[in-house]
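Morning, everyone. I have one structure for you today, and I'll keep it brisk.

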Amino acid sequence: MMQVENSDIAELLEEMADLLEIDGANPFRVRAYRNAARTLLDIGKDVREMIEAGEDLTKLPGIGKDLAQKIQEIVETGTFSDLEEMRKKVPRELTELLDIAGLGPKRVGALYRTLGITNSEQLLKACKEGKVSQLPGFGKKTEAKILEALQTKFTTTQRFLIAEAAPYAEALKSYLLEADGVKQVVVAGSYRRRKETVGDLDILVTADPESNPVDYFVRFPRVRDILAKGSTKASIVLKNGMQVDMRVVEEESFGACLHYFTGSKAHNIAIRKIAQKMGLKINEYGIFRGEERIAGEEEGSVFEILGLDYIQPELREDRGEVEAAAAGKLPDLITLEDLKGDLHVHTSYTDGNATIKAMAEEAKALGLKYIAIADHSRRLRIANGLDSSNLLKQVEEIDKLNSEIKGFTILKAIEVDILEDGSLDLPDDVLKRLDLVVGAVHSKFNLSKEKQTARILRAMENPHLSILAHPTGRILLKRDPYDLDVDAVINMARETGVVLELNANPYRLDLNDVYCRQAKEAGVKIAINTDAHSPAEFLNLFWGIGQARRGWLEPKDVLNTLPVKKMLKALKR
Ligand code: DGT
Ligand code: CA
Ligand code: CA
């Protein structure tokens with residue numbers, strides 16, 4: 001039997017449903033495939049193992065005899081004959097058109113049957129010629145929408161959240177380490193620099209000369225396309241659309257190559273200038289004086305030869321790190337172990353999915369010493385926000401839990417909404433009973449820069465506000481930051497003692513790296529918080545630390561590296 005997972009089977013069933021729908025098949029048949037695909041993703045049991053154990057698949061919801069037989073065929077052969085037939089009948093390329101906004105299977109089918117369109121280039125041409133709007137069921141509006149979607153598709157290259165890329169990077173790494181003769185595997189590029197999003201993955205490998213890691217690499221199970229393949233390098237595209245570049249490197253140049261492919265490009269250029277001034281040449285094979293290689297096996301040797309301290313990958317953006325390394329003034333970057341607590345945690349009192357106790361126990365198990373329960377305030381109705389009386393009930397429960405838990409403190413807080421006029425969503429006499437107050441904007445993202453800034457500055461002037469949460473409101477790859485004068489916010493933080501949050505959720509990472517550094521230089525403290533809505537989300541602190549390091553933050557710049565008493569004292573204003 002093949003190593004197929006439920007998700008692989010579901011993907012083939014979905015493809016079948018798409019092809020049938022494009023072909024204009026009976027909607028019930030289409031739905032049967034989609035339901036079966038959903039079932040496979042939801043059951044939490046491995047279908048391959050069920051079949052091996054002789055279990056009856058027709059017991060699963062939505063799976064009849066016919067589908068059970070097809071699933072068995074997939075497990076045994078990697079595909080099924082009906083799908084292969086449909087693939088011959090309907091060009092497979094067509095399924096890629098389904099991702100374009102404004103197009104579903106019905107419309108894709110119509111475009112194919114009437115205009116013979118099978119790919120996005122042809123579709124773009126037909127839209128520009130006005131042919132699409134003339135088809136029944138399309139119209140001018142749809143044509144314009146498709147055209148717009150196609151144009152962004154051709155101009156923007158897709159990026160991925162670092163947290164999305166990480167499971168693939170780590171899986172590729174362990175996969176390659178299992179290959180015969182492979183010695184070292186490092187994922188370089190923006191991934192190693194822990195940038196918030198990555199364009200592609202860059203993998204370097206050293207191996208025995210007689211082994212063939214390139215062949216092994218392109219057989220990775222999640223490959224969709226092989227873009228290029230030579231004797232020492234290859235590029236592939238994974239099923240999620242992410243590109244991966246891999247190259248095999250001589251051991252004597254591994255360090256230089258790792259430095260080169262870690263980047264950033266701007267950093268590499270700055271380093272090359274230093275080398276040139278010293279009469280040296282640097283490239284991905286090493287550092288050379290004339291023809292003689294004088295460094296390159298170890299990455300550290302590159303910096304050493306140039307008279308620089310070792311520069312951590314997160315700093316390599318040509319933002320002054322080379323000068324700082326020459327002057328011995330690089331920061332002593334914060335690590336995950338430095339964090340003692342998390343000051344922004346949700347529970348099932350509002351839109352979290354776990355009790356206060358469960359959240360505290362998980363945080364404690366991970367080695368934290370305190371958390372602040374900061375659920376939403378009343379204005380945020382969709383999150384079941386707390387009014388004063390519910391908040392005071394929560395406060396009582398926290399007091400009780402604190403008397404039971406040893407070696408850990410649960411702090412009383414709120415994530416209070418900052419209203420449009422900059423006032424806070426709960427009265428001062430309630431806020432003052434809490435250990436700390438986290439303030440956040442959750443509405444009116446589209447105010448003018450002037451109004452948005454005035455709103456937030458006014459909230460910061462409230463003496464009860466301790467921390468400004470996700471200060472710029474961005475959602476990576478989805479929503480731009482609101483129009484805000486961040487310099488003014490940092491100035492106000494310095495004047496009032498308000499701490500700025502670095503929200504560690506991989507979709508936010510807000511403040512960003514550049515603003516974190518600006519805050520640090522202004523003497524403003526940062527709190528690295530998870531905003532966790534479930535126990536598993538405490539692990540997001542890892543992403544927050546990556547961003548903090550990119551922002552040059554040291555333990556002393558971060559409020560929640562302090563033990564609880566000192567932390568609370570530092571908060572007092
Ligand atoms: P990404 O993939 O867009 O998130 O960003 P990177 O930094 O991973 O960039 P990528 O994948 O294009 O290239 C990987 C590294 O290779 C890059 O960080 C620096 C190095 N590199 C690529 N092209 C050049 C170049 O033209 N000059 C120099 N000096 N270095 C380059
Ligand atoms: Ca890259
Ligand atoms: Ca690349």
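A definition before the sheet: two strands count as paired if DSSP finds at least two bridges between them. And a caution: this is a predicted model.

With that, the first topic. What is the order of the three strands in the open sheet? It runs β11-β12-β13, and the pairing is parallel. At the edges sit β11, residues 341–345, and β13, residues 409–412. Each of these edge strands pairs on one side only. From one strand to the next, the twist averages 20 degrees.

Take β12, residues 370–373. Strand β12 pairs with β13 in the parallel sense, over four bridges. Within that region, look for Ile-371. Opposite Ile-371 stands Ile-410, in β13.

Now the helices on this sheet. Helix α18 covers residues 388–404 and packs on the sheet. The strands that α18 touches are β12 and β13. Its direction makes about 160 degrees with that of β13. Then there is helix α24, residues 564–571. Helix α24 lies across β11, β12 and β13. Relative to β13, helix α24 runs at about 20 degrees.

Over to the calcium ion (ligand 2). Here the coordinating atoms include Asp-200 through O and OD, and Asp-202 through OD. Those contacts are at 2.2 to 2.7 Å. Why is the arrangement around the calcium ion (ligand 2) irregular? The six donor atoms subtend angles of 69 to 165 degrees, and that makes it irregular. For six donors to count as octahedral, opposite donors must be over 155 degrees apart and all others between 65 and 115.

How far apart are the calcium ion (ligand 2) and the calcium ion (ligand 3)? They are 3.9 Å apart. Asp-200 bridges the two. As for Asp-202, is this residue buried or exposed? Asp-202 is buried, because its relative accessible area is 16% and the cut-off is under 20%.

On to β17 and β18. Strand β17 covers residues 499–503, and strand β18 covers residues 526–529. The two pair in the parallel sense over four bridges. Asn-503 stands opposite Asn-529 in β18. Now the side chains of β18. In general, side chains in a regular strand alternate between the two faces of the sheet. In β18, Ile-526 and Ile-528 point one way. Ala-527 and Asn-529 point the other way. All four are buried.

Leu-509 lies in the loop between β17 and α22. Leu-509 has a positive phi of about 40 degrees, although it is not a glycine. Leu-509 is also buried, at 2% relative accessible area. Leu-511 has its place in the loop between β17 and α22, residues 513–521. A cis peptide bond joins Asp-510 and Leu-511, with omega about 10 degrees.

There is another cis bond to note. Where does the peptide bond from Gly-263 to Ser-264 stand, cis or trans? It is cis, with omega near -5 degrees. Ser-264 lies in the loop between α13, residues 254–262, and α14, residues 265–277.

One more positive phi. Arg-194 is not a glycine, yet its phi is about 60 degrees. Find Arg-194 in the loop between α11, residues 189–192, and β3, residues 197–198. Arg-194 counts as buried, at 17% relative accessibility.

Another loop residue is Asn-462, between α20, residues 449–461, and β16, residues 467–468. Asn-462 counts as buried too, at 14%. Asn-462 and Val-498 are 36 residues apart in sequence, and 9.7 Å apart in space, C-alpha to C-alpha.

Last, the cysteines. Cys-516 is buried at 0%.

That's my tour. Questions, please.

Conventions
Residues are numbered from 1 along each chain as its sequence is written. Chains are lettered from A and ligands numbered from 1 in the order in which they are written. This is a predicted model: local features need pLDDT of at least 70, side-chain atom pairs count only at pLDDT 80 or more; totals for chains, interfaces and linings use all residues. Side-chain values use heavy atoms; hydrogens and water are left out. Donors are N, O and S atoms within 2.8 Å of the metal (3.2 Å for Na, K and Ca); water is not among the atoms, so sites may look incomplete. Four donors count as tetrahedral if all angles lie between 85 and 135 degrees; four count as square planar and six as octahedral if opposite donors are over 155 degrees apart and all others between 65 and 115; anything else is irregular. Buried means under 20% relative accessible area, exposed over 50%, partly exposed in between (1.4 Å probe, protein chains only). Axes are lines fitted to C-alpha atoms, for helices over the stretch in contact, and angles run from 0 to 180 degrees between N-to-C directions. Contact means heavy atoms within 4.5 Å.
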